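Subject: Structure handover

Hello,

Here is the structure for your files. My notes on it follow below.

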Amino acid sequence: LAPDTAEVLPQHKFDSGSLEAYLNQHLPGFGAEPEAKLTVTQYRSGQSNPTFHLRKGFRAYVLRKKPPGSLLPKAHKIDREFKVQKALFSVGFPVPKPLLYCSDPSVIGTEFYVMDHVQGRIFRDFTIPGVSPAERSAIYVAMIETLARLHSLNVQSLQLEGYGRGAGYCKRQVSTWTEQYQAAAHQDIPAMNQLSDWLMKNLPDNDNEENLIHGDYKLDNIVFHPTESRVIALLDWELSTIGHPLSDLAHLSLFYFWPRTVPGINQNSYFQENIGIPSLEELISIYCRCRGINSVLPNWNFFLALSYFKMAGIAQGVYSRYLLGNNASENSFLFAKIVQPLAETGLQLSKRTFNSTSPQIDTSQQLFVQSKTGQAVLARVKHFMKQHILPAEKEVIEFFVQNENSGDRWKKPLVIDKLKEMAKAEGLWNLFLPAVSGLSQVDYALIAEETGKCFFAPDVFNCQAPDTGNMEVLHLYGSEKQKQQWLEPLLQGNIASCFCMTEPGVASSDATNIECSIQRDGDSYVIDGKKWFSAGAGNPKCTIALVLGRTKNASANRYKQHSMVLVPINTPGVEIIRPLSVFGYMDNIHGGHFEIHFNQVRVPATNLILGEGRGFEITQGRLGPGRIHHCMRTVGLAERALQIMCERATQRVAFKKKLFSHEVVAHWIAESRIAIEKIRLLTLKAAHNIDTLGSAGARKEIAMIKVAAPRAVCKIIDRAIQVCGGAGLSQDYPLANMYALTRALRLADGPDEVHLSAVAAMELRDQAAGMRSKV
C-alpha cells in the first residue's frame, strides 16, 4: 500500500475495471504497461472528497471524486478543483499536474479527476516532530511564502475571472457557512448562532479584494520536498475561490489559538512547547514582506473569528456525512463534540484587539541613530537569532567535533543550509553591502554586533568573511563580466571564495613586501608564488580566489607595484598545501586558513581587477569596511562572554559565597561592561564616519577600533574563562574558541602595531595642522 492509504472503504468502492478501461482510452501513457495490474487504495486523511492512490506498473496517480449519496448544496465541486489546478500548473505554481477530468458519472458512479502523484513529505502533526528546530522553522517559512506567492498571482493572467463571484466575499462566506451549518446541524448550539450574527454585523468595510485563495490552507495540505524545506505541491483545492486573502492567512493561523479542550489538528503535543515554530507576528511579517503590503492587518479579528466559524461548520458537515455513512475517516464521529468549543473560541477572538506588528524601538536618545529600516532589520535579526540560530548552536558544535578528524571536516552541517534558506527567505541576506541591503554602516554595525554572539551566525546571513570583503571588492572595482561571473553567485550564496594576501616567506604586515608575481603574457596573466593563511579555501563551495601579487613596474612607487587578480580555484597549478590551525582550532565554519601555492597559474587577462598597479588601492577599499565588520562582531561576542561570566558567577559558590560576591569577580563584571560600552561607541563612530566621510575619511577611527576592540574583548573573554574555571577551557563552553578567534584579530587585516603607528602618524599630522592654524 502507498503511505497514508488503506483498502477502499465499502461505501466508496467503485468499478476499477471500468475506470481502467476509461483511462486506457483517455489518459495518454496510462496503458504503456498493458500487462500491469491497476491497484487502487484510499487515502484516509481527508474528510471531504474521497481521494485514491492509483498505481499502474511504474506510474502513480491520484484520483479525486465526489462522495456518494446526498450532498450539501454547492459542496464538492471537483470540476472547480481541476480547473484551478490546471491554471496554476500552467504558470509554474506548485500543484500536482492535472491530467484528466471526467464528468460522466457512469464510469465510477460520480464525476472525478486524475492528477500526477507527487512524492514528498506531508506533515500531519503541526509540531513536525523528528526534525531540527531550524528545519521546522524553514518548513513554516516555506509554507507562508507559498501562501504569499499564491495571493500575488493575477487572476486575469490565470484566466480565472469567472472562478468567483467578485466583491462581497466576506458577506457571502458568512451567509454560505451559516446555511451549510444549519443544513447539517444535529442540535442547537447558541455560540454558532451568536458568532454568525456577530460576523454579519462586523463585515469589513473594504469587502472587495479579489485574489485567488485556497480556502483550506494548512500544513497537511502541503507536500514538501523529500529532503529540502521546499513546497513542491499544494493539495485540496475544493474550497478555493476568488476572495479576500486574509481569510487564508487567518485559517493558517488557527492553531495559534487552538482551544486546549479540543483534540489538536492531528497534534500529539501543544505546538508552543516546540522550539523552532515561528511566532504568529513573524509569519505575518514574512507574508506581508513577500506581498509588499503593510503588516498592520485591518479587521484581523474578523478573519480569525470567520475561520473558526468555518472550522465549526466543516466539523458539523463531517459529522453529518458520518451519520449518512459516506465519510472516509474512522474518527468522524468525534467531530460532533468540537463544534461548540470552536464556535466559542471564534467568539472570544472576535472581541480581541490584535497588534500584528513587532514593537518599534525608540532610538531618539541614541548618539548614533539607526534608520527606520535598520531598526526593523535589527529587530528581525534579533528574533531570528533567538528563535533559530542559538537553539542550533549545540548541534553545529557537535557536528564539527565529531568530524574534526574526518574527511568531512570542511563540510557544514545540514542545519546551517536550512537556516540559510530561512534567512534568505526572510530578506536577512547580504546585509553588509549597502547597495544591496539599503542599510548604512551604523545600521549594519548594530546588526553585526548581534550576529557576533554566535560563531556561525554571519554565515547564515551570507555576511561572513572572507566573502564579504571579496564581494565588496567585486562590487566596487569589478568589471561587469566579473560581477556577472563571480559577484552574483556569491551574493546568492551559491559559491564561496578565499582571499590570498599573506605570504610565508616575508613579513606581510608590510604589504609592500608581497613577492607573489602576477605577470602579463599575451592575453593571460601568470601567477607564481606562495600564500598562507588564505581564509576560506577549505570551504567545499570555494570556487574563486582573490590574489594580491606584484606586477613588474620598476618606475612606479612602492604602493603601485601590486595588482589583484581573480583565480578560479580549479585552475591548473593551484595547489592547496595544508590547513593552518589557529591556537589548535581549524576554524572549519569559515573554511579554514590554508597554505596555497600558485605554480605558473595562467588566467585570462580579463581576470585582473581594475588594472595593473591598483592592488593597494583595492586592498584598502576592501579592508576599510572589513576591519570594522570584525570589530562590530567582536562587540557582540563580548556581550556573549559577559553573559556567560555573569551566569556562572551567580550559579557557583566558592568559600561559602557566590562568585559574584567576591569583589574581584564583581569588578571584572563592571570593568567588562565599561569596556563593551567604550568599544561599541568607538565602533559606531567609525561606522558613522564611513557613512558621512567615506572609508578614507574614517581611516583614523577604523585603525583605532581595530586595535581597541580585539584587545578589550580578549580581556573580557579571559575574565569569563577565569570565572568558569576549567570548564571555560573545555568544549562545554565557547570561550576557548572565542579567545582564539579574537586573539587572531590582533593580527588579521594588519597587526596592532601597524595600526598604532598609523594612528600616531595621523594624530601628529592633525596636531601639527592645529598648531599651524593657531600661528
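Helix H10 (residues 372-403) and helix H11 (residues 414-425) have axes that come within 10 Å and cross at roughly 170°; helices are DSSP runs of H or I with at least four residues, numbered from the N terminus. Axes are lines fitted to C-alpha atoms over the stretch in contact, with angles from 0 to 180 degrees between N-to-C directions. H10 and H11 are therefore roughly antiparallel (angle over 145 degrees).

This is a predicted model: local features need pLDDT of at least 70, side-chain atom pairs count only at pLDDT 80 or more, and totals for chains, interfaces and linings use all residues. Residues are numbered from 1 along each chain as its sequence is written, and side-chain values use heavy atoms, without hydrogens and water.

On the H10 side, the contact (heavy atoms within 4.5 Å) with H11 is made by Phe384, His388, Ile389, Ala392, Glu395 and Val396. H11 contributes Val415, Ile416, Leu419, Met422 and Ala423.

Ile389 and Leu419 also belong to the largest nonpolar core, of 168 residues, where they, Phe456 and Phe461 touch the most other members. A nonpolar core is a set of buried (under 20% relative accessible area, 1.4 Å probe, protein chains only) Ala, Val, Leu, Ile, Met, Phe, Trp, Tyr and Cys residues joined through side-chain atoms within 4.5 Å. Helix H17 (residues 615-651) supplies the largest share of this core, 13 residues. Another core, of 22 residues, lies apart from it and includes Ala545, Phe594, Ile596 and Leu608.

Beyond neighbours within four places in sequence, Ile389 is in contact with Phe384, Leu419, Cys454, Phe456, Ala457, Val460 and Phe461.

Regards

Definitions and conventions
Helix = DSSP H or I, 4+ residues; strand = E, 2+ residues; numbered from the N terminus. Parallel < 35°, antiparallel > 145°, perpendicular 65-115°, else oblique. Buried < 20%, exposed > 50% of the residue type's maximum accessible area, 1.4 Å probe, protein only.
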